[in-house]
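Colleague: Before we discuss any labels, please show me the model, and then let me ask what each label rests on.

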Amino acid sequence: MFTPQGSGNPPPVRRDQMEPDQRRSGRVDPAVDRAVIRPVLFDAVLLDRDGTLVEDVPYNGDPEKVRPVPGAREALDRLRAAGLRLGVVTNQSGLARGLFTADDLRRVNARVEELLGPFDTWQVCPHDDGDGCRCRKPAPGLVERAAAALGTTPARCVMVGDIGRDMTAALAAGATGLLVPTPVTRPEEVAAAPHVARDLPAAVEEILHRQAALRPTAPRRARTVLVVRSDSAGDVLVTGPAVRAVAAGAQRVVMLCGPRGRDAAALLPGVDELIEWPLPWIDGSPHPVDPDDIRRLTDRLTRIGADEAIIFTSFHQTPLPLALLLRLAGVPRISAISDDYPGSLLDVRHRAPDGLPEPERALSLAAAAGFPLPAADDPALCIRTDGLPPPPARLGGPGYVVLHPGSAVETRACPPELAARIVQVLTAAGHRVAVTGGPDETELTARVAGDAGVDLGGRTGLADLAAVLAGAGALVVGNTGPAHLAAALGVPVVSLFAPTVPFGQWGPYRVPAVRLGDAAAPCRDTRATRCPVPGHPCLSAVEPGRVLAAVRLLGVPADAPLPVGVPATVGADPVAAGGGSAR
C-alpha cells in the first residue's frame, strides 16, 4: 500500500504490494474450494477529509488547525485491522482560489496522517465549481481515481462523507455512500442519503457489520436445494447473488417463483429448474386460498426431493406458511429470515440486520444457511445474456438513453407529463431516447415518446427489455423492476425514486446511479401503492434539466446531431446535490 505523489498529497508512507483486482463474475462453480472462501463486499473505504476525518476549518492551510473528529483514529484502525484499504477523496477549491498553496495543502495532509495513521491513497481536486472538471465532487472522478489507485473498482468501495456532494459522487461512481451528518449537513441531504450513521465510529461499525453479515459459520455442500423467491421481477433479480451463492455449493438448484417473477428467474445464473406457483400469502392481489391448490403445491414440492430449502422474502413478508408445506413435503432442512417465532418449522432462523440492501439481506440468509458467495464472484446483480434477442434495428448502435415511465405500483411510476418533457429535453440535447413499457402501457409510451423518442411500448418482454438495456448508455426509471435489470447489466441508472420505501434497501445496487426526487416527501416510508398525496409531488417537481444533468454526470455522451440553433449546453444545470462549505 502507498501514498502516491501528487498535488496536495503527503510524503509517501507505505509501499506494500497491492492485492490484485477482484473482477466481477457471474460464474457459478460448484467445484470452488469452499474452505478458502472469503466473502467480501468491500475492498476499500474512501473518506472525505474536512468534516468527516477532521473538524471542518474552511480553506485550511495551517497544520496546527487540524483536529480529528472524536474516535477517528480508533475507528480507522479497526478498518485497517479488518484488511480494508483506506483513501481520502477531498475537494480543495482553496488552491484554485489562491487561499493556500500546494505546499500548505501537503503539510495539512501530512498532519492528518500523523494524527490518524497512513492512508493508501490521497485524491485531491484542486479546482473550483466553475472549472468544469470531472474530479470535483459531486462528479465521480475522485472516487473512480481512488478505486483505480487501490487496484479495485468503485463498486467495492464505501464512500464516507458529511454532505450531499459526497453521496452523489459515490452513487455516480457506483460506490456505496454512507453519510455522517454534521451541523452543516442539510436535512434534505440526510433524507436523500442511501445510508446514515451518527458519527465516524458508527459508520465504521456499519461497514464491518455488513461485511460480517455475509460470513458463514460452516460452509456446506448439498445435492438439491430449493430456493424460493415469490413476488415481482425486481424482487427475483435482487435475490440473484444469493441464488448464485447457493448454486456454488449445490449440485442442483430448483427455484420456486410466482408468475410475475418467472421471466426474471429464467435469466438468473445458477438455476437448473423453475417451478412457477402463486403463493396467496405473498402476492399483492391474491386469490382466495384453495385447499386443492395447496395440496397440489405440496405434492409438487415433495417430488423435487430437495435436501434443503431456503426461503427468501422481503422484510415485510413471512416464510412460515411455505415452511409448513415444506415440512409436509418432507424437506429435512429449511432456512429463512423470520422475526415471528417459527416453532419447529425452521432449522435456520436467521435475523438480518435492519437497513441492509435487499441483495445483501438475501446473501446474509444464504451465508447463514452455509452458502456464501465465492470470492471469485462479486455480489452485484447479474443475469444470463446468452440467448437474448437482438434489440430493434431502429435503435441504431449502442449509446441511447432508455426511459421506462411505467410501474406496476402507481406510486413508483414517473408522471407521464414529466416523462414526456424528459424525452424532449434529452433529444434536444442530442440523445437518442427509447421509451419502453409493457403490453398494457402502449398508450402511455406513445404519449411519452411523442415525435422525438422511439416508442417500444408493448414490444418488450423481460428478455427483450434486457436486450434493449444492454445497449443503453443509461436508464431513466422509477423504483421498479427495470432499474434492477439495468443494474444486472451494469447500465447506469437515473433513479426517479419515490421514497415510499428506503432507497438504501431498494435503490440500484452497485451500479453508477443518480437519485432524483424529493426524498423527504410526506409519502416517505409509507410503502403506499397509491400516491397518498395529490399531484405525486415527490417526483412531479423534478425538472427535466436535472435528468439531463444526471445523464451527463454519469458520463453518457450525446450521440445524435443537435437540431439547428440548439446550444450543446441545453439543460446542463448541475445536479443539485451540494451543501455545506464550498471546499
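Modeller: Let me begin with R296 and D293, which both lie in helix α10, 3 residues apart, or about one turn of the helix; bear in mind that the model is predicted.

Colleague: Why is the meeting of the R296 and D293 side chains called a salt bridge?

Modeller: The N to O distance is 3.8 Å, and the cut-off for a side-chain nitrogen of Arg and a carboxyl oxygen of Asp is 4 Å, so the pair qualifies.

Colleague: What makes R296 count as partly exposed?

Modeller: Its relative accessibility is 44%, which lies between the 20% limit for buried and the 50% limit for exposed, so R296 counts as partly exposed, whereas D293 is among the buried residues of α10.

Colleague: How do you know that the buried residues of α10 line one face of the helix?

Modeller: Seen down the axis of α10, the buried residues fall within an arc of 160°, and therefore they line one face; they pack against β6, β7, β8 and α11.

Colleague: Why is the R262 and E276 pair also called a salt bridge?

Modeller: Their side chains meet at 3.6 Å, N to O, which is within the 4 Å cut-off, so the name applies. R262 lies in helix α9 and E276 in strand β8, so the pair ties together parts that are 14 residues apart in sequence.

Colleague: What makes E276 partly exposed?

Modeller: At 41% relative accessibility, E276 falls between 20% and 50%, and so it counts as partly exposed.

Note on methods. Residues are numbered from 1 along each chain as its sequence is written. This is a predicted model: local features need pLDDT of at least 70, side-chain atom pairs count only at pLDDT 80 or more; totals for chains, interfaces and linings use all residues. Side-chain values use heavy atoms; hydrogens and water are left out. Buried means under 20% relative accessible area, exposed over 50%, partly exposed in between (1.4 Å probe, protein chains only). Helices (H or I, at least four residues) and strands (E, at least two) are DSSP runs, numbered from the N terminus. The arc is that of the directions from the helix axis to the C-beta atoms. Contact means heavy atoms within 4.5 Å.
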